[in-house]
Amino acid sequence: MTALASSGTTYAWVVERPAPIASGPLRRVEREIPEPGPYDLLLGVRACGVCRTDLHLAEGDLPPRRPRCTPGHEIVGEVLAAGPSADGYAAGDRVGAAWLAGTCGRCRWCRTGRENLCPGSRYTGWDVHGGFAGHAVVDARYVYRLPEGLPDEDAAPLLCAGIIGYRALERAELPPGGRLGVYGFGASAHLTAQLAVARGAEVHVVTRSAKARQLALELGAASAGPDSPPRLLDSAILFAPVGTLVPKALEALDRGGTLVIAGIHLTETPPLDYERHLFQERTVRSVAANTRADGRAFLAEAARLRPTVRAVRYSMRHADRALADLASGGVTGVAVLVPP
């Protein structure tokens with residue numbers, strides 16, 4: 001399939017100037033439909049998940065890399081056109097584009113299967129325009145085939161919330177039948193908890209939201225409370241971007257336990273006490289994006305598991321409202337933008 005000339009305009013949201021979401025940093029604009037490059041696909045956006053990273057970018061917690069960039073990195077799209085080197089795709093194919101948009105392919109990280117650590121990595125909605133728009137251009141080498149029969153609004157959150165949660169769970173090194181703590185229960189956590197339960201884990205959720213606690217129990221969590229888990233944990237994943245939770249999560253670990261910090265942004269962490277928080281071979285790990293292998297492995301597991309996706313739909317016209325609701329804690333599950 002070769003590149004087709006695109007014409008006309010499309011709508012898109014851009015971060016005009018990073019600022020608190022209440023001040024309206026997003027602006028809806030019209031722009032020319034982009035042309036796909038040699039390895040690119042031009043997508044008509046069918047759904048786009050709203051991630052907390054989008055909020056961090058809009059508010060400036062992550063410094064902008066591209067002026068007036070369009071957020072959104074959980075894109076479900078229909079292929080409309082392709083560049084001459086974007087082989088294997090036809091018009092009408094449904095694909096997913098995620099956070100990782102490109103790597104150098106040459107550094108020692110890329111050559112050893114750790115492309116998520118590539119210093120030259122690029123990201124959807126940060127370095128390149130994302131899916132808060134009618135159309136998006138993505139590198140065909142970094143897209144995913146999506147499970148059949150999965151609605152667009154359910155597939156979109158799998159592309160970051162699901163994949164990053166999968167990587168966090170892998171890095172948690174939870175033993176078979178072990179006890180997992182989940183701190184925060186938003187988009188990624190509600191998918192990761194289901195994955196852990198399906199693997200035989202005992203999952204304990206800590207969140208201040210009563211609605212989120214109810215959802216956690218519905219999805220198979222052994223407990224859900226606002227403070228601390230009722231039992232010592234083998235592993236824990238911190239999804240909430242709250243640094244003050246790090247020592248609390250470490251205190252809840254049993255000997256040899258592992259805490260994984262899954263977010264791209266975290267508020268300041270208090271000092272740690274060696275005896276209380278780190279001794280007895282407790283481990284702290286972070287998560288830096290994902291590899292394409294992570295994405296393929298997770299989507300294959302999700303195709304078998306078919307996790308419940310608690311999607312809250314918003315029209316693409318109201319992307320700013322979706323981010324505001326996310327910021328205020330008004331989304332239980334995951335917000336998903338759909339075409340108007």
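1. Two strands are taken to pair if DSSP finds at least two bridges between them. The model is a predicted one, and in it strand E10 (residues 179-183) and strand E11 meet that condition, since 5 bridges link them in the parallel sense. Within this pair, Leu-180 has Val-203 of E11 as its bridge partner.

2. On its other pairing, E11 is joined to strand E12 (residues 223-225) by 3 bridges, again in the parallel sense. E11 itself, which spans residues 202-206, is mostly covered, with 4 of its 5 residues buried.

3. These pairings belong to an open sheet of 6 strands, whose order is E12-E11-E10-E13-E14-E15 and whose pairing is parallel. Which strands lie at the edges? They are E12 and strand E15 (283-286), each of which pairs on one side only. From one strand to the next, the twist averages 15°.

4. As for the helices on this sheet, H5 touches E10, E11 and strand E13 (233-238), and the direction of H5 makes about 160° with that of E11. Helix H6 also packs on the sheet, where it touches E11 and E12, and its direction makes about 175° with that of E12.

5. E10, helix H5 (residues 187-198) and E11 form a right-handed β-α-β unit. From E11 the chain then crosses through helix H6 (residues 210-218) to E12, and this β-α-β crossover is right-handed.

6. A further parallel pair is formed by strand E16 (residues 311-315) and strand E17 (residues 334-338), which are joined by 5 bridges. Together with helix H10, strands E16 and E17 make up a right-handed β-α-β unit.

7. H10 (residues 319-327) also packs against helix H1 (residues 52-59), at an angle of about 100° and with the two axes 10 Å apart. H1 and H10 are therefore roughly perpendicular to each other, given that angles of 65 to 115 degrees are counted in that class. The residues that meet are Arg-52, Asp-54, Leu-55 and Ala-58 from H1, and Leu-323, Leu-326 and Ala-327 from H10. Sorted by class, this contact has 5 nonpolar, no polar and 2 charged residues.

8. Another helix pair to inspect is that of H4 (residues 161-171) and H9 (residues 292-305), whose axes come within 9 Å and cross at roughly 100°. How are H4 and H9 oriented to each other? They are roughly perpendicular, therefore, to each other. On the H4 side the contact involves Gly-162, Ile-163, Tyr-166 and Arg-167, and these meet Asp-294, Gly-295, Ala-297, Phe-298 and Glu-301 in H9. By class, the contact of H4 with H9 has 4 nonpolar, 2 polar and 3 charged residues.

Note on methods. Residues are numbered from 1 along each chain as its sequence is written. This is a predicted model: local features need pLDDT of at least 70, side-chain atom pairs count only at pLDDT 80 or more; totals for chains, interfaces and linings use all residues. Side-chain values use heavy atoms; hydrogens and water are left out. Buried means under 20% relative accessible area, exposed over 50%, partly exposed in between (1.4 Å probe, protein chains only). Helices (H or I, at least four residues) and strands (E, at least two) are DSSP runs, numbered from the N terminus. A crossover is right-handed if, with the strands pointing away from the viewer, the path from the first strand over the helix to the second runs clockwise. Axes are lines fitted to C-alpha atoms, for helices over the stretch in contact, and angles run from 0 to 180 degrees between N-to-C directions. Angles under 35 degrees count as roughly parallel, over 145 as roughly antiparallel, 65 to 115 as roughly perpendicular and the rest as oblique. Contact means heavy atoms within 4.5 Å. Ala, Val, Leu, Ile, Met, Phe, Trp, Tyr, Cys and Pro count as nonpolar, Asp, Glu, Lys and Arg as charged, and the others, Gly among them, as polar.
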